[in-house]
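Subject: Structure handover and notes

Hello,

The structure is below, followed by my notes on it. Please read them with the coordinates open.

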Amino acid sequence: MKKDIHPQYYPQAQFICACGNNWQAGSTQEKVEVEICSACHPFYTGQQKLVDTQGRVDKFKRRLEKQSQMIKSKAQKMVEKKEKKITPKDDN
């Protein structure tokens, strides 16, 4: 291996999760902060938990609501169009 090209290795690096869990492992960074770990991940805990990254869930919900409103308005327009065809014309 070439000398002086590799980052410094910390065998006792500190990992800190957003849930408060701490542990030590080897890393090239002395302190690492993570958002989710095995202590709070839904797969390991068995509890359903919504993990929102940068508002993606809210964005999806807004898009879904907009789509459902558009479908409802199209259905209403079709009903109105059919009702218009059914009504008899006045003979004058």
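Serine 27 counts as buried, because its relative accessibility is 14% and the cut-off for buried is under 20%. Please keep in mind that this is a predicted model. Serine 27 belongs to strand E2, which covers residues 22-27. Its side chain comes within 3.1 Å of the backbone nitrogen of glutamine 29. If neighbours within four places in sequence are left aside, the residues in contact with serine 27 are Gln8, Tyr9, Tyr10, Ala13, Phe15 and Val32.

Next, the strand pairing. Strand E1 (residues 10-17) and E2 run antiparallel and are joined by five bridges. Within that pairing, glutamine 14 has glutamine 24 in E2 as its bridge partner. The hairpin of E1 and E2 has four residues between the strands, and glycine 20 takes a positive phi there, near 105°.

E1 also pairs with strand E3 (residues 31-34), this time in the parallel sense, over four bridges.

How many salt bridges does a search of the whole structure find? The search gives one. The salt bridge is formed by glutamate 33 and lysine 31, and their closest N and O atoms are 3.9 Å apart. For a salt bridge, the nitrogen and the carboxyl oxygen have to be within 4 Å, so the pair at 3.9 Å is counted.

Regards

Conventions: Residues numbered from 1 in each chain as written. Predicted model: local features only at pLDDT ≥ 70, side-chain atom pairs only at ≥ 80, totals over all residues. Heavy atoms only, no water. Helix = DSSP H or I, 4+ residues; strand = E, 2+ residues; numbered from the N terminus. Buried < 20%, exposed > 50% of the residue type's maximum accessible area, 1.4 Å probe, protein only. Polar contact = N/O pair within 3.5 Å; in protein donor to acceptor, adjacent residues only side chain to side chain. Contact = heavy atoms within 4.5 Å. Pairing = 2+ DSSP bridges. Salt bridge = Lys/Arg side-chain N within 4 Å of Asp/Glu carboxyl O.
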